[in-house]
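Hi everyone, thanks for coming. I'd like to walk you through a few places in this model, so please have the structure open while I talk.

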Amino acid sequence: MITDSSAARKTRLAGLTASAATMVVLVSACGGTGGGSTSSPEEFSYLSVTENTTVKSALTTLSKGQCKTADEALPLKTETVPQASLDQKLQLLAGQDALPVQFAAGNAPALTQQLYRSGKVADLEKELKALGVYDQLEPAAVSTIKALYGGKLEVLPYEYNIEGIFYNKKIFTQNGLSVPGTWDELVSAAAKLEAKGIQPFSASGEQGWPLTRLISGYLYRSLGPDALQEVADGKAKLTDPEYVKAAQEVADLGKKGYFGKGVGSIDYDTSMNQFLSGKAAMLYMGSWALANIADEKQNTVGADNVGFMPFPAVSGGKGSIDQYPSNVGLGITLGAKSFDKKTGAWVSCITKNYGSTALKDQGSISGFKVNTEVEAANEVSGQVRDTIGSSQQNVLWFEALFSTKATTLSQTNAAGLVNGSVSPEKFMRTVQDALSGK
């Protein structure tokens, strides 16, 4: 699932809008060797999602500063669509051979891989090496991208995120709670908070993925870092008992009321606000939330009162708490045939300057090198940056290796899992059937 997602973003890897079959038809509509107009672009056109303000803001800053020369030659022009409509928009543009110069990749890697195979997405490793700026990407970010995109560098790491649980230090201290080291300790802490009238967790059931991330977190800790790769390879199924148990554990949190009332209708903004206003003690989220945490208007509990902990261990499990889920947010890619000299000038400037600009202005951690040192905005930001630097092994998120159909079903059924309308067995069977092509 980065995944946005963005550091100030309001959504990440939200539900998809079209099936894999539809995707193939639309992407293939204009032939398999497309990639946009063969004429040189007149603008550095950029399509992103409405909810993601970070990249757009940083690119605008660069267009007026370090990248002014590139912008004068190829002016930046941005357009946004709601994230829920992104996949459909990309498929439509691909079918019309009209993809912009740079655009937010699909909500699931499967769409971008299809666009890449049909010749519409640039081979970014080849292009960046030709420009002499490939070394401006952090190796860990490149590794994560290639794990997601079949060994290819198909997107740029405008974000590089690790995920874990942000918690309210003040609430923990006032209630005599220490940072949970195991799942059982986490559940126990939640029970104590609930008993005192404090909502333990905030999560967006509307988006779904903040809930399914908890399932994958449990799977990685209980079965080890290859848990979901085993499913992708057909060596295991989500309907296997040990996989259903993970869904059951998350469902139990919902049954006990630990996500509060009406979790299925809670959107991303509301869930973030619940945590930052002190109405919930914990929030599973990626490091893109650091921008929200640093924003004094949003964060009324204060950045100093926010801590970060890894997903806890499962007793007897094969995973380790230093294996952090990682992503590159909502990846940004570039069209193949619009990647000319002027586009290359923009990309060169971005790779050299984006990392420092986004970190300085918005507290956003990217997968680009920070060539101008930036002091951490607060303690939790420094903690996360240090964690990223010391992390030895990363894992992906629940839907990372799923088809678009399975991703959609997973995220749209997640709220039902925690409100009790969908059993853990049915939830996992529904997603597994989609993976099996049923």
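**A walk through loops and helices**

Let's begin with Asp97, which sits in the loop between helix H4 (86-95) and strand E3 (102-104). Before going on, the model is a predicted one: local features need pLDDT of at least 70, side-chain atom pairs count only at pLDDT 80 or more, and totals for chains, interfaces and linings use all residues. Residues are numbered from 1 along each chain as its sequence is written, and side-chain values use heavy atoms, with hydrogens and water left out.

Back to Asp97. This residue is not a glycine, yet it has a positive phi of about 60°. Is Asp97 buried, partly exposed or exposed? Its relative accessibility is 30%, so it counts as partly exposed. The cut-offs here are under 20% relative accessible area for buried, over 50% for exposed, and partly exposed in between, using a 1.4 Å probe and protein chains only.

Asn52 is in the loop between strand E1 (44-49) and helix H2 (54-64). Its relative accessibility is 3%, so Asn52 counts as buried. The side chain of Asn52 reaches the backbone nitrogen of Val55 at 3.4 Å. That is a polar contact, meaning a pair of N or O atoms within 3.5 Å; within protein, one must be able to donate a hydrogen and the other to accept it, and residues adjacent in sequence count only if both atoms are side-chain atoms. Along the chain, Asn52 and Val81 are 29 residues apart, and their C-alpha atoms are separated by 9.9 Å.

The other loop residue is Ser204, between strand E5 (199-202) and helix H10 (209-223). With a relative accessible area of 0%, Ser204 is buried. A polar atom of its side chain lies 3.2 Å from the backbone nitrogen of Gln207. What does Ser204 touch, not counting residues up to four places away in sequence? The list is Pro210, Val263, Ile266, Asp267, Tyr268 and Ser271, where contact means heavy atoms within 4.5 Å.

Gln274 is in helix H13 (residues 268-276), and it is buried, with a relative accessible area of 14%. Not counting residues up to four places away in sequence, Gln274 touches Gln199, Ser202, Ile266, Lys279 and Ala280.

Glu125 is in helix H6 (residues 124-131). Where does a relative accessible area of 18% place Glu125, buried or exposed? Glu125 is buried. Its side chain makes a polar contact of 2.9 Å with the side chain of Lys129, and another, at 3.0 Å, with the side chain of Lys146. Leaving aside neighbours within four places in sequence, Glu125 is in contact with Tyr134, Lys146 and Leu153. Glu125 and Leu153 are 28 residues apart in sequence, while C-alpha to C-alpha they are 5.6 Å apart in space.

**Helix packing**

Let's turn to how some helices pack. H10 and helix H17 (residues 404-419) pack at an angle of about 80°, with their axes 8 Å apart. Axes are lines fitted to C-alpha atoms, for helices over the stretch in contact, and angles run from 0 to 180 degrees between N-to-C directions. H10 and H17 are therefore roughly perpendicular to each other; the classes are under 35 degrees for roughly parallel, over 145 for roughly antiparallel, 65 to 115 for roughly perpendicular, and oblique for the rest. Here Trp209, Leu211, Thr212 and Ile215 in H10 meet Ser410, Gln411, Ala414, Ala415, Leu417 and Val418 in H17.

H17 also packs with helix H18. Their angle is about 170°, with the axes 8 Å apart, and so H17 is roughly antiparallel to H18. Among the H17 residues that meet H18 are Leu409, Ser410 and Leu417, and the H18 residues they meet include Pro424 and Phe427.

Finally, helix H12 (residues 241-255) packs against helix H18 (residues 424-435) at an angle of about 125°, with their axes 8 Å apart. That makes H12 oblique to H18. In this contact, Tyr243, Val244, Ala247, Gln248 and Ala251 in H12 meet Pro424, Glu425 and Met428 in H18.

Terms used: Helices (H or I, at least four residues) and strands (E, at least two) are DSSP runs, numbered from the N terminus.
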